[in-house]
Amino acid sequence: MKDIRTYASYLVASYERVTGNAFKNEPLYLQKLLYFSQRESYVLSGKPLFDDDFEGWVNGPVIPYLWKYYKADKSVVRSDFSSLNDEERYVIDNTISQYGIYDAWYLRELSHKESSWLKSREGLGEFENGNRIIDKADIQNDASKVRQYDHIYDMYIDEFEDAD
């Protein structure tokens with residue numbers, strides 16, 4: 001099992017490579033891109049990218065362990081990500097190609113439309129703290145509503161001539 005910081009570190013490197021910009025030192029941005037990477041993994045492979053759970057916080061899905069680590073360190077996660085396989089890298093690169101153009105607050109708003117996050121917030125006020133785990137099955141359900149995209153060819157999978 002790989003540490004979530006491994007995925008976060010690759011996500012930062014992918015962001016910088018794909019966009020040509022330095023990664024913004026914002027925990028909210030990192031958390032949202034990781035959430036969309038997890039959902040994208042379900043879209044592309046039907047399985048989670050990583051084992052860590054998100055909780056339904058006020059500003060969207062958050063991995064508490066990573067939030068605490070980031071808060072204590074006050075810097076972007078930088079660790080060795082050589083253990084990631086090609087499929088894991090593809091999922092993250094695909095996510096960055098689709099969502100890396102948006103800022104943290106836009107991604108926050110997108111995550112607030114996800115039924116998985118909404119379900120984790122049931123019974124809570126808009127600004128009330130919550131810590132319910134977002135069920136991976138609910139993220140997978142959200143993923144079933146997403147059109148598959150391929151960043152290498154810059155097109156949706158169903159647009160390929162040989163798509164079923």
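Buried means under 20% relative accessible area. Keep that cut-off at hand; the model used here is predicted.

**Exercise 1. Decide whether Arg108 counts as buried or exposed, and find its contacts.**

Step 1. Arg108 sits in helix 5, residues 104-111.

Step 2. Apply the cut-off. Arg108 has 10% relative accessibility, so it counts as buried.

Step 3. List the contacts. Set aside neighbours within four places in sequence; Arg108 then touches Lys32, Val58 and Asn59.

**Exercise 2. Work out how helix 1 and helix 3 are arranged, and what class of residues makes their contact.**

Step 1. Take the axes. Those of helix 1 (residues 4-19) and helix 3 (residues 64-73) come within 10 Å and cross at roughly 65°.

Step 2. Name the arrangement. Angles of 65 to 115 degrees count as roughly perpendicular, and helix 1 and helix 3 are therefore roughly perpendicular to each other.

Step 3. The crossing of helix 1 past helix 3 is right-handed.

Step 4. Find the residues. Helix 1 contributes Ile4, Arg5 and Ala8, while helix 3 contributes Tyr65, Leu66 and Tyr69.

Step 5. Sort them by class. The contact has five nonpolar residues, no polar ones and one charged.

**Exercise 3. Describe the fold of the protein chain and judge how compact it is.**

Step 1. Count the elements. The protein chain has seven helices and four strands.

Step 2. Read their order. Along the sequence the pattern is α-α-β-β-α-α-α-α-α-β-β.

Step 3. Check the radius of gyration. At 15 Å, it is close to the 15 Å that the globule rule gives for 164 residues, so the protein chain is as compact as a globular protein of that length.

Step 4. Of the 164 residues in the protein chain, 44% are buried.

Notes:
Residues numbered from 1 in each chain as written. Predicted model: local features only at pLDDT ≥ 70, side-chain atom pairs only at ≥ 80, totals over all residues. Heavy atoms only, no water. Helix = DSSP H or I, 4+ residues; strand = E, 2+ residues; numbered from the N terminus. Buried < 20%, exposed > 50% of the residue type's maximum accessible area, 1.4 Å probe, protein only. Contact = heavy atoms within 4.5 Å. Axes fitted to C-alpha atoms, helices over the stretch in contact; angles between N-to-C directions. Parallel < 35°, antiparallel > 145°, perpendicular 65-115°, else oblique. Left-handed = near helix turned anticlockwise from the far one by under 90°. Nonpolar A, V, L, I, M, F, W, Y, C, P; charged D, E, K, R; others polar. Rg over C-alpha atoms; globule rule 2.2 N^0.38 Å.
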